[in-house]
Amino acid sequence: MRKQNKFLLAGFVLSLFLAGVVSNYASSSPDGLEKVAGDIGFLENAKEQANSDGLLADYGVKGVENERLSTGAAGVIGVIATAGVSTGLFLILRRKNGANK
Amino acid sequence: MHIPDGFIDIPTSVAFAGIAATGVAISLKGAKSSLDEKTAPLAGLTATFIFAVQMLNFPVAAGTSGHLLGGALAAVLVGPWAASLALTVVLLMQALLFADGGLTALGLNVFNMSLVGVWVGYAIFILVKKLLPKNKSSVSIAAFLAGLISVPFAAAGFVLQYAIGGTATFSISQVLTAMLGTHFLIGIGEGVITALAVGAVMASRSDLVYGYKGTTQTLETRVKE
């Protein structure tokens, strides 16, 4: 089990690093769908998302002026939230499986 | 690849939300019987890693970027059922917390990335692995092709949705050509990242890799013969 935990911890730390630090070096060009929509001419059909004024909208923390810090913090929050929700879900599913047997 | 609100009309979005919900319900059942105490935490880590890497847009052509979708990667690491769930959790987080991908478009995005991306990736992986010798590097090659091919298929999912309920009137063939061309390029990046990530897990914990388990058994049998 120790080897397993080490592996999981390494993967989690790597995810934090990628989302918290490396994300600042990501390309800011439009992604494939956005580019195609812009080129062909239906990008303006996009509607404002209901959460677009949210605290973390567009991978930035509202109120944090420093862009690096803002993106990095949003990434770290996203990694922790995704890890919590997904691991929780999979552990519950696993437990149900055990109960059925 | 995340469809915003407004590209596809509401009736079509609702219909795809229904298909997506059905797919997720079936995946919940499938994952229940395929997860054990070792693979359940790995499935959580897979979702987490995919969330992080989806933030890392890489340039593909002038003024265009792409990012990992992760469907093929997740399918190889934890199997298609848990993979669909992992991708769905990622999409939910992105839409609800980060306003990335529309809310009415959630079903459309789950269909393209959590269902089409995962299952096409998984099918290609199994097919290629069958054609190659049974060793670790074959797993990486199969993972590369699975990643590469899964992306244009997910993009084709959008074109299907556009054809049924697009709010714009541009020709379907024009959208299809542009989407497939761009996403083939993004697919190359997807393939490279998928192969590297699978290779890294294979190097440290090949016993955890869903897509490698069958291979080891076959190898052992051959040695005995």
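This report describes a predicted model of chains A and B, from its confidence scores to individual residues.

## Basis and confidence

Residues are numbered from 1 along each chain as its sequence is written, while chains are lettered from A and ligands numbered from 1 in the order in which they are written. Because the model is predicted, local features need pLDDT of at least 70 and side-chain atom pairs count only at pLDDT 80 or more, whereas totals for chains, interfaces and linings use all residues.

The model scores ipTM 0.95 and pTM 0.94. The average pLDDT (the predictor's confidence in each residue, from 0 to 100) is 93 for chain A, where 94% of the residues score at least 70. Chain B averages a pLDDT of 94, and 95% of the residues score at least 70. Over residues 216-225 of chain B, however, the pLDDT is below 50, and this stretch has 2 contacts in the model beyond near neighbours in sequence. Where pLDDT is low, the predicted coordinates should not be read in detail.

## The interface between the chains

In the model, 52 residues of chain A are in contact with 61 residues of chain B; two residues are in contact if their C-beta atoms, placed from the backbone, lie within 7 Å. On the side of chain A that touches chain B, the elements giving two or more residues are H1 (2-20), H2 (32-40) and H3 (67-100) of chain A. H3(A) gives the most, with 17 residues. By class, this side of chain A has 26 nonpolar, 19 polar and 7 charged residues. In this classification Ala, Val, Leu, Ile, Met, Phe, Trp, Tyr, Cys and Pro count as nonpolar, Asp, Glu, Lys and Arg as charged, and the others, Gly among them, as polar.

A:Phe42 is found in the loop between H2 and H3 of chain A. Leaving aside neighbours within four places in sequence, A:Phe42 is in contact with A:Ala37 and also with B:Phe7, B:Ala168 and B:Phe170. A:Phe42 counts as partly exposed because it has 19 C-beta neighbours inside 10 Å; a residue is buried if 20 or more other C-beta atoms, placed from the backbone, lie within 10 Å of its own, exposed if 12 or fewer, and partly exposed in between.

## The nonpolar core

The largest nonpolar core has 99 residues. Such a core is a set of buried Ala, Val, Leu, Ile, Met, Phe, Trp, Tyr and Cys residues joined through C-beta atoms within 7 Å. The residues with the most contacts inside it are B:Ile50, B:Val76, B:Ala86 and B:Val198. Helix H6 (residues 136-165) of chain B supplies the largest share of this core, 15 residues.

Not counting residues up to four places away in sequence, B:Ile50 touches B:Leu68, B:Gly70, B:Leu73, B:Ala74, B:Ala86, B:Leu87 and B:Val90.

## Helices of both chains

H1(A) has 19 residues and reaches 26 Å from its first C-alpha to its last, close to the 27 Å expected at 1.5 Å a residue; the expected span is 1.5 Å times one less than the number of residues. Its buried residues are A:Gly11, A:Phe12, A:Ser15, A:Leu18, A:Ala19 and A:Gly20.

Helix H1 (residues 10-34) of chain B has 25 residues and reaches 35 Å, close to the expected 36 Å. Among the buried residues of H1(B) is B:Ser27, which has 23 C-beta neighbours inside 10 Å. Leaving aside neighbours within four places in sequence, B:Ser27 is in contact with B:Trp81, B:Ser84 and B:Leu85. In helix H5 (residues 106-131) of chain B, 19 of the 26 residues are buried, so H5(B) is largely enclosed by the rest of the structure. H5(B) bends by about 30° at B:Val116, the bend being the angle between axes fitted to the seven residues ending there and the seven starting there.

## Two residues with positive phi

Most residues other than glycine have a negative phi. A:Asp58, in the loop between H2 and H3 of chain A, has a positive phi near 55°. A:Asp58 counts as partly exposed, with 15 C-beta neighbours inside 10 Å. Phi of B:Ala99 is likewise positive, near 55°. B:Ala99 lies in the loop between helix H4 (80-98) and H5 of chain B, and counts as buried with 22 C-beta neighbours inside 10 Å.

Note on methods
Helices (H or I, at least four residues) and strands (E, at least two) are DSSP runs, numbered from the N terminus.
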